[in-house]
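Please look over the sequence and the model before reading on.

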Amino acid sequence: MYLPRPETLLLIASILLLLSVLATKLGGRLGVPGLLLFLLIGMLAGSDGPGGIWFDNYYVAQLIGTVALVFILYSGGLFTRWNAVRPVLGAGLSLATLGVFFTMLLTGMFAHWVLDLDWLEALLLGAIVSSTDASAVFGVLRERAVRLRKHLRPLLEFESGTNDPMAVFLTIGLTALLTRPEMSAWQILPMFVQQMLLGLLLGYSLGRAVAWILQNIRLSFDGLYAVLSVTLMLLVFSLTAVLGGSGFLAAYVAGVVVGNSDFPRKTALLAFHEGNTWLMEIGMFLTLGLLVFPSQLPSVAVGAILLALFLMLVARPVAVFLSLPNRRFALNEKVFVAWVGLRGAIPIVLATFPLLAGVESAQKIFNVTFFVVLFSVLVQGTTLPLVARGLRVRAEDEAAASPPSEAVGSR
């Protein structure tokens, strides 16, 4: 097997990263999310594109996606203000659990009919595309400078930061049922309770420990604080996962705890993690763009487009309205929450699990997932500002609708 020289690999990686950074400027002018352009650059550089880079290592792609997701979730937690999240905590948890479950069921039923998959495989596909993507939601809201009403943004960011563990659990559980016929669906329920509880408890307790360390440790060189922060973040994730909890949930919860604590050099560390988040997002989307073979997509195009439309227009809205039955959120706000259910790189990463496990229809599931993500980012990501304006859920709409004295007092 031929492997390029290290300097050649570094040259290729640096060119792809440079193109991706420049793509964010182009995306802003064209009104296209940078995440979509990152994927397209990866596809053009891949085996079916002019770049001709052959990459089909699903294990490496899964590893890169896992590490990148830890960075993204932890960083998302760091920038989450607890005072803003607390009023929408119940709604966010409902969307992150019940919303994901309802989305999986509805999407799975439609996939069984339109893609000719058996029931377990269809539900597996539904689980893979069931969660909104933290990197996609955080990235598009930040990139498009969409300022939402004060309770909507924390709800969307909290949901996208906490619903990945549910999707990961459902994907792993259904993959196990497909590869181990002797297993019963009831056997995976205790695993779910264990993962969620340990993820929350260890995420909070280890987050407190990380905050204490950052408050009290004194290092000889300023640059070591960033190294320490990354080391502690990876420790939170890996220790929780080894102990049987959800490492992704623990990483996000720990980030929230640390981000709402005071410690020296906090501003510098936040800036460091923000830059790292962009690097991880670009790296993850480029890798997944390289992983896909565009020549395989036309065979699933029609079914994948129908599934993407069903997910956007039926499954996600129904799941949102079932998960948010109270009157705290107005009709236009629920419709907007339903529309901002962007799918990003995480579903593609999850689609590598059945491939590595040897599930029969895994390649078809992977190709459909990629098509759904591409369609979601293209349609939902590009129309997000327009939909926010049309539904009047922007912060300026809220201020305009308030009496003058109330609007001034809220500043």
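**Cavities, a pocket and selected residues**

The model is predicted, so local features need pLDDT of at least 70 and side-chain atom pairs count only at pLDDT 80 or more, while totals for chains, interfaces and linings use all residues. Residues are numbered from 1 along each chain as its sequence is written, and side-chain values use heavy atoms, with hydrogens and water left out.

**Terms for the spaces**

- On a 1 Å grid over the protein atoms alone, a cavity is a set of points where a 1.4 Å probe fits but cannot get out. A pocket is an open set with protein on both sides within 12 Å along at least five of seven lines, and lining residues have an atom within 4 Å of a point.
- Grid points are joined across faces, edges and corners, and a volume is the space filled by probe spheres set on the points.
- Ala, Val, Leu, Ile, Met, Phe, Trp, Tyr, Cys and Pro count as nonpolar, Asp, Glu, Lys and Arg as charged, and the others, Gly among them, as polar.
- Helices (H or I, at least four residues) are DSSP runs, numbered from the N terminus.

**Cavities**

- Two cavities of 30 Å³ or more are present in the structure.
- The lining of the second largest cavity consists of Leu 95, Gly 99, Val 100, Thr 103, Ser 130, Glu 159, Asn 163, Arg 316 and Arg 343.
- Helix 5 is the main contributor to the lining of the second largest cavity, giving four residues.
- Two nonpolar, four polar and three charged residues make up the lining of the second largest cavity.
- The largest cavity has about 50 Å³ of volume. Around the largest cavity are Gly 65, Thr 66, Leu 69, Val 168, Phe 248, Ile 346, Val 349, Leu 350 and Phe 353.
- At least two lining residues of the largest cavity come from each of helix 3 and helix 16 (345-350).
- The lining of the largest cavity has seven nonpolar and two polar residues, and no charged ones.

**Second largest pocket**

- The second largest pocket holds about 420 Å³ of space. It is lined by 19 residues, of which Trp 82, Leu 89, Phe 158, Leu 200 and Val 253 are the closest to its centre.
- Helix 5, helix 8 (152-162), helix 10 (189-216) and helix 12 each give two or more residues to the lining of the second largest pocket.
- With five residues, helix 12 gives the most to that lining.
- The lining of the second largest pocket divides into 14 nonpolar, four polar and one charged residues.

**Helix 3 against helix 11**

- The axes of helix 3 (residues 58-78) and helix 11 (residues 223-242) come within 11 Å and cross at roughly 110 degrees. Helix 3 is therefore roughly perpendicular to helix 11.
- Axes are lines fitted to C-alpha atoms, for helices over the stretch in contact, and angles run from 0 to 180 degrees between N-to-C directions. Angles under 35 degrees count as roughly parallel, over 145 as roughly antiparallel, 65 to 115 as roughly perpendicular and the rest as oblique.
- In contact (heavy atoms within 4.5 Å) are Thr 66, Val 70, Phe 71 and Tyr 74 of helix 3 with Ser 229, Val 230, Met 233, Leu 234 and Phe 237 of helix 11.

**Single residues**

- Buried means under 20% relative accessible area, exposed over 50%, and partly exposed in between (1.4 Å probe, protein chains only).
- Most residues other than glycine have a negative phi. Asp 116 has a positive phi of about 60 degrees; Asp 116 sits in the loop between helix 5 (89-114) and helix 6 (119-128) and is exposed, at 69% relative accessible area.
- Arg 265 also has a positive phi, near 60 degrees. Arg 265 lies in the loop between helix 12 (247-259) and helix 13 (266-291) and is partly exposed at 36% relative accessibility.
- Thr 287 in helix 13 is buried, with a relative accessible area of 12%. Not counting residues up to four places away in sequence, Thr 287 touches Phe 55, Ala 61 and Ile 64.
- Lys 25 in helix 1 (residues 6-30) is exposed at 56% relative accessible area.
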